[in-house]
Amino acid sequence: MQRTVTFPAHSISSKVITMENESIVDIFYDAIFDIRKTYALITDTNIARLYKKELSTLPKNFTLITIPAGERSKNFSMIEKLSEKLLKINVGKKDVLVGLGGGVVGDITGLLASLYMRGIPYIHIPTTLLAMCDSSIGGKNGVNTAGGKNLLGTIRQPLATIIQPCFFATLPEKEVRNGLAECIKCAVMMSKKLFTLIEKNHQAILKKDIPLLNTLIAQTRNLKTMIVTGDPDEKSLRKILNYGHTIGHALEKVSVYTIPHGAAIAIGMHLENVVGLNKKIVQKKVVDQVKELLEAVGFQTKLPARTKKTISHYLAHDKKREGTHIPMYLPSRVGSAKLHEIPIHDLQSVLL
Ligand SMILES: NC(=O)c1ccc[n+]([C@@H]2O[C@H](COP(=O)([O-])OP(=O)(O)OC[C@H]3O[C@@H](n4cnc5c(N)ncnc54)[C@H](O)[C@@H]3O)[C@@H](O)[C@H]2O)c1
Ligand SMILES: [Zn+2]
């Protein structure tokens, strides 16, 4: 059974297809198959290994391209290498890239699609909770440079996004936890209802209860879609999605990406709340509520000691800074947030 779900996001003109009870092969034959086109299917080494059998039966006009799994693949030389491969297999302007994987594959595929031949269509098939709930929405893509995370990137909407819960069968619990951090972010900023759902059910979610995961994905996607539809170019409201990410991104960079994105933004959310508490714009009750949930889910909320010395430097170079301040949304209560201008030195002072 195939069902097309329309989120309130017509203006970002990207189709969302939710599939149920199907094998992954059906995605290629039922959802995106068009004999006239060449498809370059980009995935990572883990997915290629786990779904080897299924991927060996792809339609003839699909070419599988595998990149090393992990954040270290998110660099510009990977984009250059992949574009050479696309040329070799004759991918033209009307052909399609398909990103099958987590946020790393999605970000690389999106950027490649926006640069190759000045832009060709692409389809997202997210395989992690983080990618289903977050990175596959809104069209942001990017690669990292020596200077920072996602420093080179564009905003380009996919032709379609295919949500297929069968990928949870192989997803390790630590990756579910990682994705849950982005759901908690959206909940704290925008939805008490989602916060309560996670508070009550985090253990079942971590054990991959599919109906709960479907509810979690639908609610989080709706919130993010609403925001990016209202502010596709991050002029104002979209900044709400950066909650936890100012400190989180700096932490990822300092740890040379050994701290996963979800774990880094969990620490980021707590410490950004503490900055707000120090400035009397976030209540103690809210700081405690969020910290309690993050810790119950299994996240640390303290900075690892080894990162303390160097993290201040990265914060000072944050790409979101405006002079000596960074505009940041902080929770006024759970489920609602306000924009504040936070001096960079206030952020640095909670890192000591
Ligand atoms: N573009 C955006 O708007 C946006 C938003 C949030 C995060 N991101 C980016 O997303 C990335 C993080 O995404 P992620 O957490 O999905 O990381 P990831 O793509 O590295 O995936 C995490 C790990 O899970 C493995 N994996 C993926 N699907 C699997 C499955 N079904 N079964 C077993 N293993 C599987 C991967 O091989 C990898 O080892 C970061 O680079 C972050 O910057 C982008
Ligand atoms: Zn994130």
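Select the shell around ligand 1 to begin: by class, this shell holds eight nonpolar, ten polar and ten charged residues, where Ala, Val, Leu, Ile, Met, Phe, Trp, Tyr, Cys and Pro count as nonpolar, Asp, Glu, Lys and Arg as charged, and the others, Gly among them, as polar. The model is predicted, so local features need pLDDT of at least 70 and side-chain atom pairs count only at pLDDT 80 or more, while totals for chains, interfaces and linings use all residues. Residues are numbered from 1 along each chain as its sequence is written, chains are lettered from A and ligands numbered from 1 in the order in which they are written, and side-chain values use heavy atoms, with hydrogens and water left out.

**Ligand 1**

Stay with ligand 1 and display its 28 surrounding residues, of which the closest are Asp44, Glu71, Thr127, Thr128 and Lys149; a residue is near a molecule if one of its heavy atoms lies within 4 Å of it. Next, show the side chain of Asp44, where an N or O atom lies 2.6 Å from an oxygen atom of ligand 1. Asn46 likewise has a side-chain N or O atom 2.8 Å from an oxygen atom of the ligand, and a polar side-chain atom of Thr128 is 2.7 Å from an oxygen atom of ligand 1. Ligand 1 taken alone exposes 860 Å², and the protein buries 90% of that, with accessible areas taken from the Shrake-Rupley method with a 1.4 Å probe and, for residues, only the protein chains shown counting as cover.

Now colour by secondary structure: the elements that give two or more residues to the shell are helix 2 (45-50), helix 5 (103-115), helix 6 (129-135), strand 8 (148-152) and helix 7 (173-190). Helices (H or I, at least four residues) and strands (E, at least two) are DSSP runs, numbered from the N terminus. Colouring by domain shows where the ligand sits: domain 1 (2-171) and domain 2 (174-349) both give residues to its shell, so ligand 1 lies between them. The domain bounds come from an automatic or database domain assignment.

His245 is in helix 10 (residues 245-254) and His261 in helix 11 (residues 261-278), 16 residues apart.

Are these two histidines buried or exposed? His245 is buried, with a relative accessible area of 8%, and His261, at 17%, also counts as buried; buried means under 20% relative accessible area, exposed over 50%, and partly exposed in between (1.4 Å probe, protein chains only).

**Backbone with positive phi**

Select Arg118 in the loop between helix 5 and strand 6 (122-126). Arg118 has a positive phi of about 60 degrees although it is not a glycine, and at 78% relative accessibility it counts as exposed. Asn150, which is found in strand 8, has a positive phi of about 50 degrees and is not a glycine either. Most residues other than glycine have a negative phi.

**Further stops**

Go on to Lys207, in the loop between helix 8 (192-206) and helix 9 (210-230), where a relative accessibility of 60% makes the residue count as exposed. A distance drawn between the C-alpha atoms of Lys207 and Thr66, 141 residues apart along the chain, comes to 29 Å.

Glu292 is in helix 12 (residues 284-297) and is exposed, with a relative accessible area of 59%. Glu292 and Glu199 are 93 residues apart in sequence and 9.4 Å apart in space, C-alpha to C-alpha.

Finish at Asp346 in helix 14 (residues 344-349), which at 17% relative accessibility counts as buried.

Definitions and conventions. Polar contact = N/O pair within 3.5 Å; in protein donor to acceptor, adjacent residues only side chain to side chain.
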